[in-house]
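Thanks for asking me to look this one over.

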Amino acid sequence: MDKKHIVKSAMLSISLALISQFAFSDVTAPAGIKSKGQLTFCSDLENPPAEGIADDGKTPSGVAVDVMNALGPLMGVKTRIDNYQFSGIFAALDTGKCDAVVASVAKTPERSERYGLIDYWSVKSGLLVVKGNPLHLDKFEDLSGRRVAALLGSSNEARVKQIGNKLVSEGKAGITLVSLNSYVAAFHDLLLGRADAMVGDSVVLNYYMSKAPNKFQTADMHVPPKTWVIVTLKNNNEVRQALQSALDELNTSGEMKKIVSKWGIEKGVELCSSSAQCG
């Protein structure tokens, strides 16, 4: 089956169980979603621990996957998750392939202008570097003359590119940016020594550091945290409002905190809601 159309019956079974759990939710599903009987997300399932694939090689798994699986049932419908590469995920939303995108998407002015955004987490940006940080990569400017692996289309890729251009304009060595379609590929480049560092958010970096704790460490960058968002079409206020209400209910009930704690990332994440906005 085509990668971008992965929909697993196991996930629908989970959704049915959650619908029973959240049977008394006050969230109303938009008419279009209610008629379909499912809330469809586009995601990039190559970014564990947020969005990934279970050990069976087919079932979506991750902390953000757990959030998606909870949001549909809060509206009284199933959750469906379709898999896309990050570089094509917004085109999928634009052409109606899904109701919303959840793929570790950072909030930016450009995305705010074009889409409807719902804040759900705030995370720090950083680098994964060799243990002991022998190259002394303590800020993005220290990447001058270095090779950096990044996720294609991500806000961190754009940030490194911007800083690299600034360094060149100042007469310094630029940054060689290696943009790849997944964090799995970016980590592989770092592991093989084809990159001096891997740029990403704290959730992703801590996950990959755990894969080789004696070889790598994280280095937080001195930049404001990023807010991760659920993305909807700009003019689809009904879907956006329903998702915001469902997200607020997840936070109010304590379910969101349980999900984050289950995956051990609570130290790297600030939860966002209508009453606790992340910016």
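1. Is Asn-156 buried or exposed? Asn-156 counts as buried, because its relative accessibility is 0%; here buried means under 20% relative accessible area, exposed over 50% and partly exposed in between, with a 1.4 Å probe and protein chains only. Asn-156 has its place in helix α6. Helices are DSSP runs of H or I with at least four residues, strands are runs of E with at least two, and both are numbered from the N terminus. From Asn-156 to Thr-227 there are 71 residues in sequence, and the C-alpha to C-alpha distance is 12 Å.

2. A word on what you are looking at. This is a predicted model, in which local features need pLDDT of at least 70 and side-chain atom pairs count only at pLDDT 80 or more, while totals for chains, interfaces and linings use all residues. Residues are numbered from 1 along each chain as its sequence is written, and side-chain values use heavy atoms, with hydrogens and water left out.

3. Next, the open space. The largest pocket has a volume of about 250 Å³. Of the 14 residues lining this pocket, Lys-107, Thr-108, Ser-155, Arg-159 and Lys-226 are the closest to its centre. Two or more lining residues come from each of α6 (155-169) and β12 (226-233), and α6 gives the most, with four residues. By class, the pocket lining has four nonpolar, six polar and four charged residues. In this count Ala, Val, Leu, Ile, Met, Phe, Trp, Tyr, Cys and Pro are nonpolar, Asp, Glu, Lys and Arg are charged, and the others, Gly among them, are polar.

4. For the terms used here, the search runs on a 1 Å grid over the protein atoms alone: a pocket is an open set of points with protein on both sides within 12 Å along at least five of seven lines, a cavity is a set where a 1.4 Å probe fits but cannot get out, and lining residues have an atom within 4 Å of a point. Grid points are joined across faces, edges and corners, and a volume is the space filled by probe spheres set on the points.

5. The structure holds one cavity of 30 Å³ or more, and the largest cavity has a volume of about 60 Å³. The largest cavity is lined by 13 residues, with Ser-104, Ser-154, Ser-155, Tyr-183 and Lys-226 nearest its centre. Seven residues of the cavity lining are nonpolar, three polar and three charged.

6. The aromatic rings deserve a look. Eight aromatic pairs turn up in a search of the whole structure; rings of Phe, Tyr and Trp (its six-membered ring) pair if their centres lie within 6.5 Å, with planes under 30 degrees apart counted as stacked, over 60 as edge-to-face and the rest as tilted. Tyr-120 and Trp-121 form a tilted pair, 5.0 Å centre to centre with 55° between the planes. Trp-121 also pairs with Trp-228: the centres are 5.6 Å apart and the planes lie at 35°, so this pair is tilted. The pair links distant parts of the chain, 107 residues apart, with Trp-121 in strand β6 (residues 115-123) and Trp-228 in strand β12. Tyr-120 is buried at 2% relative accessible area, Trp-121 is buried at 0%, and Trp-228 counts as buried at 0%. Elsewhere, ring pairs link Phe-187, Tyr-207, Tyr-208 and Phe-216 into a cluster.

7. Please check both disulfides (cysteine sulfur atoms within 2.5 Å). The search of the whole structure finds two. The sulfur atoms of Cys-42 and Cys-98 are 2.2 Å apart, and their link is left-handed, with -110° about the S-S bond. Cys-42 sits in strand β1 (residues 38-43) and Cys-98 in the loop between α4 (89-94) and β5 (100-101), 56 residues apart. In the disulfide of Cys-272 and Cys-278, the sulfur atoms are 2.0 Å apart; the torsion about the S-S bond is about -105°, so this disulfide is left-handed. Cys-42 and Cys-98 are buried, and both Cys-272 and Cys-278 are buried.

8. Finally, helix α10 (residues 255-262) has Glu-255, Met-256, Ile-259 and Val-260 as its buried residues. They lie on the same side of α10, because they cover an arc of only 135° around the axis, taken from the directions from the helix axis to the C-beta atoms. The face turned away from that buried side carries the exposed residues Lys-257, Lys-258 and Lys-262. Just after α10, Gly-264 takes a positive phi of about 70°.
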